Amino acid sequence: MAGRIPLVLLACGSFNPITHQHMRLFELARDHMHQTGLYRVVGGIVSPVGDNYGKQGLVASKHRLAMARLALQSSHWVSVDDWESQQADWTETVVTMRYHYDRIAAQYHNSKDPPTASDVPQLKLLCGADFMDTFKVPGLWRDDHVEEVVGYFGLVCVSRGSLQPDRAIHESDLLSRHRRRIFLVREWVHNEISATEVRRALRRGQSVKYLLPDSVIDYIREHNLYTQDSEMKNKDVKLRPLTMQTIQD
């Protein structure tokens, strides 16, 4: 793959808990980007959101980080990063992307051999099709942040079941303007694993074997996660991005 653009894929989200579906996104995206003939994927990053996000049922980041690391033990190219989850407040996606891009660039510039511009990897946000609908939620995203995430960095979006991201792009003037920076990946082998449904099964005492890695299931049992009580956490709490937008407005 000599001459191709090096690329790192970054996935931000709750990972509550991480599932086989989350991990498959990386494999599908890497295959697709390699098939473009333009890119060489050199790394992947899982970045769990901080505890102050305010989403209902969100367990502590220390547990979500631990489960993600267990799940990805066998991966030689995807790692788990705790920077976002360790911030004092919820961090906008664009801020997380800036941090990782600067960190990656610094690593290459500090290497033994001075890099050329083409040596420093690009960074793109990896997401599922459901993520595209968040752009339509009033007050959830600032337009300048969407411009930077999509127009500057770029998106790699994987379809999910009946959810097709091309409709979200068509219905948004801003996303349509940056269509060439959005790479749509078709998942032909449909995987409907949902972290929401996994949590529901767990609190009802039902089996989640083969939906999650065994190591993650063992961790959940050991720490008694995803109970009726934990699902009530942040109930009736407004998502932090929405409260931040209200303050800024």
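Reader: Where is the place of Pro-48 in this structure?

Author: Pro-48 sits in strand S2, residues 39-48. Helices (H or I, at least four residues) and strands (E, at least two) are DSSP runs, numbered from the N terminus. Before we go on, two notes on reading the model. It is predicted, so local features need pLDDT of at least 70 and side-chain atom pairs count only at pLDDT 80 or more, while totals for chains, interfaces and linings use all residues. Residues are numbered from 1 along each chain as its sequence is written, and side-chain values use heavy atoms, with hydrogens and water left out.

Reader: Is Pro-48 buried or exposed?

Author: Buried means under 20% relative accessible area, exposed over 50%, and partly exposed in between (1.4 Å probe, protein chains only). Pro-48 has a relative accessible area of 0%, so it is buried.

Reader: Which residues does Pro-48 touch?

Author: Contact means heavy atoms within 4.5 Å. Not counting residues up to four places away in sequence, Pro-48 touches Gly-13, Ser-14, Phe-15, Arg-64, Leu-65, Val-80, Asp-81, Glu-84 and Ser-85. For a sense of distance, Pro-48 and His-22 are 26 residues apart in sequence and 12 Å apart in space, C-alpha to C-alpha.

Reader: Where does Ser-14 lie, and what is Ser-14 in contact with?

Author: Ser-14 lies in the loop between S1 and H1. With a relative accessible area of 13%, Ser-14 is buried. Leaving aside neighbours within four places in sequence, Ser-14 is in contact with Pro-48, Val-49, Tyr-53, Lys-55, Leu-58 and Arg-64.

Reader: How should I read backbone angles?

Author: Most residues other than glycine have a negative phi, and most peptide bonds are trans. Now for the cases here. Phe-15 has a positive phi of about 50° although it is not a glycine. Phe-15 belongs to the loop between S1 and H1, and counts as buried because its relative accessibility is 6%. In that loop between strand S1 (5-13) and H1 you also find Pro-17. The peptide bond from Asn-16 to Pro-17 is cis, with omega near 0°.

Reader: What is the phi of Tyr-226?

Author: Tyr-226, though not a glycine, has a positive phi of about 60°. Look for Tyr-226 in the loop between helix H9 (214-223) and helix H10 (228-231). Its relative accessible area is 2%, so Tyr-226 is buried.

Reader: How many residues has the largest nonpolar core?

Author: A nonpolar core is a set of buried Ala, Val, Leu, Ile, Met, Phe, Trp, Tyr and Cys residues joined through side-chain atoms within 4.5 Å. The largest one here has 41 residues, and those with the most contacts inside it are Leu-9, Ile-18, Met-67 and Leu-126. Helix H1 (residues 20-35) gives the largest share of this core, six residues. Apart from that core lies another, of 27 residues, among them Met-97, Ile-104, Leu-140 and Val-150. Not counting residues up to four places away in sequence, Leu-126 touches several residues, including Leu-9, Phe-26 and Val-158.

Reader: How many helices and strands has the protein?

Author: The protein has 11 helices and six strands. Of its 249 residues, 50% count as buried. Among contacts between residues at least 6 apart in sequence, 77% join residues at least 24 apart. The C-alpha atoms fill a box of roughly 55 × 45 × 35 Å, taken along the principal axes.
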